[in-house]
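Hi,

Here is the structure I promised to pass on. Please have it open while you read; my notes follow.

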Amino acid sequence: MAAKQAVEKAKSQRVFGQAQKSGKMLRAGLYARVSTHDQQTLPLQIRTMRQYAGTRGWTIVVQIREIGSGSTQRELREKLLAAARRREIDVVLVWRLDRWGRSLVDLVVTLKELAQLGVGFVSITEALDLTTATGRAMAGLLAVFAEFERDILRERVRAGLAHARQNGKKLGRPITAGLHTTQ
């Protein structure tokens, strides 16, 4: 009787995402990124993710801090993906979804790979937990709207450039002073 009560108590205290089926705690890989050296949010991202992992009872196995544009190849993110492929982590934790992937294609491909590996993905700011069906549906919607927003911005920039050309504005890099000097 006492053993049955202890099992029921342990089950009731477990929060979703805290423990795997085997009973061991989840191993988390944290990924923080800023686009340029002058951005100062890396400490904020890391602190927030560490607090979140602690609240969920996760063990932090790897912590990645990367500086670089989302449009370029990110070597440190690849290291985190390699850790997932080696089954060294059970969940990837990011501060914001756009810190992980910039394009819809990149986002979908990497999240799909993580899902196939059985590795969860959590984005704190958007309260997005892709270990659930609802979280996966929301991620799809967010990614679609993010891509839509980028397309709209791209169209606005092109329209602005066309308008400037029509008004006789010279676009592009200015001719350098070195080309005008005579020797």
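Arg 99 is buried, at 9% relative accessibility. Bear in mind that this is a predicted model. Arg 99 forms a salt bridge with Asp 98, with the closest N and O atoms 3.3 Å apart. Asp 98 is partly exposed, at 24% relative accessibility. Arg 96 belongs here too: Arg 96, Asp 98 and Arg 99 are linked in a network of salt bridges.

The total is seven salt bridges. Another one joins Asp 90 and Arg 27, whose closest N and O atoms are 2.9 Å apart. This pair links distant parts of the chain, 63 residues apart. Asp 90 sits in the loop between H3 and strand S3 (91-94), and Arg 27 is in strand S1 (residues 27-34). Buried or partly exposed? Asp 90 is buried, with a relative accessible area of 10%. Arg 27 counts as partly exposed, at 22%. The cut-off for buried is under 20% relative accessible area, so Asp 90 falls below it.

Arg 86 and Glu 88 also meet through their side chains, 2.7 Å from N to O. Glu 88 is partly exposed, at 33% relative accessibility.

Now helix H3, residues 75-85. Its buried residues are Arg 77, Leu 80, Leu 81, Ala 83 and Ala 84. Why do they lie on the same side of H3? Because they cover an arc of only 155° around the axis. Glu 75 and Lys 79 are exposed on the other side of H3. Just after H3, Arg 87 has a positive phi of about 65°.

Next, the interior. Nonpolar side chains tend to be buried together in soluble globular proteins. The largest nonpolar core here has 19 residues. Which of them touch the most other members? They are Leu 80, Val 92, Trp 100, Leu 111, Leu 114 and Phe 121. H3, S3, helix H4 (97-100) and helix H5 (104-117) each supply at least two residues of this core. H5 gives the most, with four.

Leaving out residues up to four places away in sequence, Phe 121 touches the following:

- Val 91, Val 92 and Val 94
- Leu 97 and Trp 100
- Leu 111 and Leu 114
- Leu 128, Asp 129, Leu 130 and Thr 131

On the surface, look at Met 138, Leu 141, Phe 145 and Phe 148. These four form a nonpolar patch. Together they have about 440 Å² of accessible area. Phe 148 is in helix H6, residues 133-166.

Finally, the overall picture. The protein has six helices and five strands. Along the sequence they follow the pattern α-β-α-β-α-β-α-α-β-β-α. Of the 183 residues, 32% are buried. The protein exposes about 12200 Å², and carbon and sulfur atoms supply 57% of that. Among contacts with a separation of 6 or more, 68% are between residues 24 or more positions apart.

Best wishes

Terms used:
Residues numbered from 1 in each chain as written. Predicted model: local features only at pLDDT ≥ 70, side-chain atom pairs only at ≥ 80, totals over all residues. Heavy atoms only, no water. Patch = residues over 30% accessible without salt bridge, like charges linked within 9 Å, V, L, I, M, F, W, Y side chains within 5 Å. Areas by Shrake-Rupley, 256 points an atom, 1.4 Å probe, with all protein chains shown as cover. Buried < 20%, exposed > 50% of the residue type's maximum accessible area, 1.4 Å probe, protein only. Contact = heavy atoms within 4.5 Å. Arc of directions from axis to C-beta. Core = buried A, V, L, I, M, F, W, Y, C linked by side-chain atoms within 4.5 Å.
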